[in-house]
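Please read these notes with the model open beside you.

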Amino acid sequence: MMAVAGQQDGRVKQYSEVFPRSTVFVIGGGIGGLAAALALARAGHTVTLAEQAAEFGEVGAGLQLAPNATRILRDWGLLDAVVHAGVVTENLVARDAIDGSVLTVMPLGEAFLARYDAPYVVIHRTDLHQILLDACRASAGITLLTGTTIIDVQTEAQGATVTAEDGRRATYPVVIGADGLRSRTRDALVGDAPIPSGYVAYRGTIPSDGQASNDVTVWMGPGCHLVQYPLRQGTLLNNVVVFKSAGFARGDVEYGGVDELDTVFAGCAEPVQAALAHVGRQRRWPLYDRAPAPTWNDGRIVLTGDAAHPMLQYLAQGACQALEDADALARLAPGSKASEWDGAIAGFVAEREPRASRVQTTAHAFGDLCHAVGEQRLARNALLASRARDDFTVADWLWADRAPAHL
Ligand SMILES: Cc1cc2nc3c(=O)[nH]c(=O)nc-3n(C[C@H](O)[C@H](O)[C@H](O)COP(=O)(O)OP(=O)(O)OC[C@H]3O[C@@H](n4cnc5c(N)ncnc54)[C@H](O)[C@@H]3O)c2cc1C
C-alpha cells in the first residue's frame, strides 16, 4: 500500500499504511452503518467500516421495531437475540393524554403475525446496536475502525476516495455514507441542512418490577405526547415525552427547557404527569429531520440510514428504514463484477428513495394527528375510536413490504 501524508497539529505525518483493502467502505458505525456492513458481508462482500467515536456505542433509550424490520433481522439470524434482549409487544395503544381515554388498540397477536409474518419488538437501542456489532465482529469480511473521522469523499471513475481527519486516504469501489442526521457525506451530495421541528424530546428508563403490560402506549396530547413501553424483558420502563416548544416559536436559542416541559404537560391526565418524573432532565433532544433528498448518490458514493432519510420519529421507523436500506443494498449488490455496482446503486436508490421519502413525509402527518388541538383533537379521537381492533389496513403500506403474497 502507498504511504500518504497527513496534516496534524501543524505537522505533516507520514503513514506507513492506509485503510484496509475491501470492496465497500462504510462511514459511520451507528445502527445503519453496522446493518449495511453486516448485510453486505453476508452477501459475500468485504467491508471496512469507520466510526468517528473512540468506541462504538449508542445513546438514548428504546426503539420500536415493526415487522418490516424484524423480518430482516430474522433473515440475518438475529431475531432470537433481539427478542431475548427486548420485549415482544402485545398491543399498540393510543390514549388521549388529557382525559386518559383509550382511543384505539391494535392487538399484535395471531392475526397480526399471520398478516406480517414477524413480531413487533421493542428493544433498548444499545442492545440492538450491540447485537449488530457482535454480528459484524463475528464476520470475517468486516474490518471495524474506531476513532476514524472521515472528512472528505470524492467520486472517482470506478469508485470513491475517502480521506480521514488524520490524513489516511484510500479509494474503494463503493462508499456508503451512513453518518447520520448531520452527515458530511450528505452535505457534499445534497447540500441541505437539518430542519428543526420545534419539538423537543426528553427520554429515560426506570427499573420496573416486570408487572407492566407489554404494550406500547402513546398518550396523544395537544402539542405533546408520551410514549411508554417496557424494555429488557420488562425490567425497565421506557418513557419518552415530546412537546412543541414555545421558546422555539419565540426564537430562543436554547428552547425547550424543563420549565417548558412542566408547563406543557400541566393539563394532562395523572399517569402522563407521573411519567415526567421518569425522564432524564439533564438532556433535551431537539427533534430534526430533512426534506426528502433529490439524490441519494453521486456515482459510487451512496447514502443510507439517517444520512439518506432523516425523519421525525412519529412512525418509529428511522432505524427500521436503515435496516431496509441494508437489506436492499445486499440484495441488489452485484457478485464479483465491480463494474455492475453502478447499476446496483441505481437499483437501490430507485427501490428505496420513494418508500423512505413516503415514510419521512407521513411521519409529519402522523405527528400532526398525534398533537391535534381543540376541534381537531376531538375529530381525531372520533376517528381512532371508529377503527375496528383487527383493522390493519392503515399499516399495510409500511409493515407489509415483502410480506406474504395475499397482501
Ligand atoms: C426520540 C427518538 C425516538 C426514535 N424511535 C425510533 C423507533 O422507535 N424506531 C426506529 O426504527 N427508529 C427510531 N428513531 C430513529 C433512529 O434512532 C435513527 O433513525 C437511527 O438510529 C439512525 O441510525 P444511523 O446509523 O443512520 O445514524 P446514527 O445513529 O446517527 O449513526 C451515525 C454514526 O456515524 C458516525 N459518524 C458521523 N459522522 C462521521 C464521520 N464523518 N466519520 C466517521 N463516523 C461518523 C456517528 O458517530 C454515528 O455513530 C428514533 C429517533 C429519535 C430521535
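1. Within what distance do the axes of α1 and helix α5 come, and at what angle do they cross? This is a predicted model, in which local features need pLDDT of at least 70, side-chain atom pairs count only at pLDDT 80 or more, and totals for chains, interfaces and linings use all residues. Residues are numbered from 1 along each chain as its sequence is written. The axes of α1 and α5 (residues 125-137) come within 9 Å and cross at roughly 30°, where axes are lines fitted to C-alpha atoms, for helices over the stretch in contact, and angles run from 0 to 180 degrees between N-to-C directions. Helices (H or I, at least four residues) and strands (E, at least two) are DSSP runs, numbered from the N terminus.

2. Because angles under 35 degrees count as roughly parallel, α1 and α5 are therefore roughly parallel to each other. Ile31 and Leu34 are among the residues of α1 that meet α5, whose partners include Leu128 and His129; contact requires C-beta atoms, placed from the backbone, within 7 Å.

3. The ligand is surrounded by 32 residues, the closest being Gly28, Gly30, Gly180, Gly305 and Gly318; a residue counts as near if its C-beta atom, placed from the backbone, lies within 6 Å. Helix α11 gives the most to this shell, with 4 residues.

4. An open sheet of 7 strands runs in the order β8-β7-β16-β17-β18-β15-β19, with mixed pairing; strands pair if DSSP finds at least two bridges between them. Its edge strands are β8 (102-107) and β19 (285-289).

Conventions:
Angles under 35 degrees count as roughly parallel, over 145 as roughly antiparallel, 65 to 115 as roughly perpendicular and the rest as oblique. Two residues are in contact if their C-beta atoms, placed from the backbone, lie within 7 Å.
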